[in-house]
Amino acid sequence: MARDHGGNLAAAQAAFGGAPGDWCDLSTGINPVPYPLPAFAETDWTALPDAPAQQALLAAARRFWDVPEGADILAVPGCSAAIARMPGLMAPARVQITGPTYNEHAAAFRAQGWEVCETEGSARVLVHPNNPTGAFHAAPGPAALTILDESFCDIAPEQSLIHLATRPDVLVLKSFGKFWGLAGLRLGFVIGTPARIAALSALMGPWAVSGPALRTGRAALSDPDWAAATRARLMRDAARLDALVTATGATLAGGTPLFRLYDCADAQALQQRLARARIWSRIFPYSTRWIRLGLPAPDRWAQLEKALA
């Protein structure tokens, strides 16, 4: 499957015109109200990231996600960097990735010689909740390698399968850019047994996470009140978005509070209608009916309402 992604706003501008500031990008599932950046020290930018700062970040992550004792945490420069390397933890064989789902996992496994299939393999990937459907998975049985991608699970922490991170086959992925709205910071986490984390750390190399990311991640993961308030706001905004889109005749087909999946008669036509109003959305090569929308920033709701009127 091709690596099609949201966020390709330059392509939208090339096709439909407009200046960058005219566009409302709803093609990703990134929180449009990001966590406020902390004050940085000069050494965050000028010095190599030091061990105490890394340990402080990991301690905050352990508390926030209630990481079980016996599991280790690795901070990485965005989940995509870890996804690209995790297939290298085993000799290539068959990996089960049941679609539709986030396509970067399949691309990463194929790039390292794996056969990707929808039936049982020696490895498997479960995106939890799934992107784009929003479906959650039951706890899986054992395998040689199980990747649980919880990039969007911070919207529903009670659904997390983090308790499985002490199993020798399990690696849990946690994104920072989605829920905290700071995708450009490039920060993510992988949680698993010490042996698995040590092996992945060796593939990532030293100083993988920047000083500004260490400081920002620690502050955000130490702020549960912001997280709770954000979950409540995302739920309200998702309901508001549903009301706007379903009024056009589309139906809700799935999603999470960070992105919504709709079924409509012609997804491409709806995408183009929105694009003419400088709103970018996400459609999929495997469906002519599905369109996915993220949430608008607070000052962009009127633009969306006018486009859908």
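Predicted model: local features only at pLDDT ≥ 70, side-chain atom pairs only at ≥ 80, totals over all residues.
1. Helix 8, which covers residues 224–246, packs with helix 10, which covers residues 301–308, at an angle of about 20° and with the two axes 10 Å apart. Because angles under 35 degrees count as roughly parallel, helix 8 and helix 10 are described as roughly parallel to each other. The crossing in which helix 8 passes helix 10 is right-handed.

2. The residues that meet are Asp237, Arg240, Leu241, Leu244 and Val245 from helix 8, and Trp301, Leu304, Glu305 and Leu308 from helix 10. Sorted by class, this contact of helix 8 with helix 10 has 6 nonpolar residues, 3 charged residues and no polar ones.

3. Turning to the cysteines, a disulfide is a covalent bond between the sulfur atoms of two cysteines. The structure holds 0 disulfides, and for Cys79 the nearest cysteine sulfur, which belongs to Cys153, is 12 Å away. Cys79 counts as buried because its relative accessibility is 8%, and Cys117, with a relative accessible area of 10%, is also buried.

4. Val170 is found in strand 7, which covers residues 170–175, and Val170 counts as buried because its relative accessibility is 0%. When neighbours within four places in sequence are left aside, Val170 is in contact with Thr146, Leu148, Leu164, Ala165, Ile191 and Gly192.

How values were computed:
Residues numbered from 1 in each chain as written. Heavy atoms only, no water. Axes fitted to C-alpha atoms, helices over the stretch in contact; angles between N-to-C directions. Helix = DSSP H or I, 4+ residues; strand = E, 2+ residues; numbered from the N terminus. Parallel < 35°, antiparallel > 145°, perpendicular 65-115°, else oblique. Left-handed = near helix turned anticlockwise from the far one by under 90°. Contact = heavy atoms within 4.5 Å. Nonpolar A, V, L, I, M, F, W, Y, C, P; charged D, E, K, R; others polar. Disulfide = S-S within 2.5 Å. Buried < 20%, exposed > 50% of the residue type's maximum accessible area, 1.4 Å probe, protein only.
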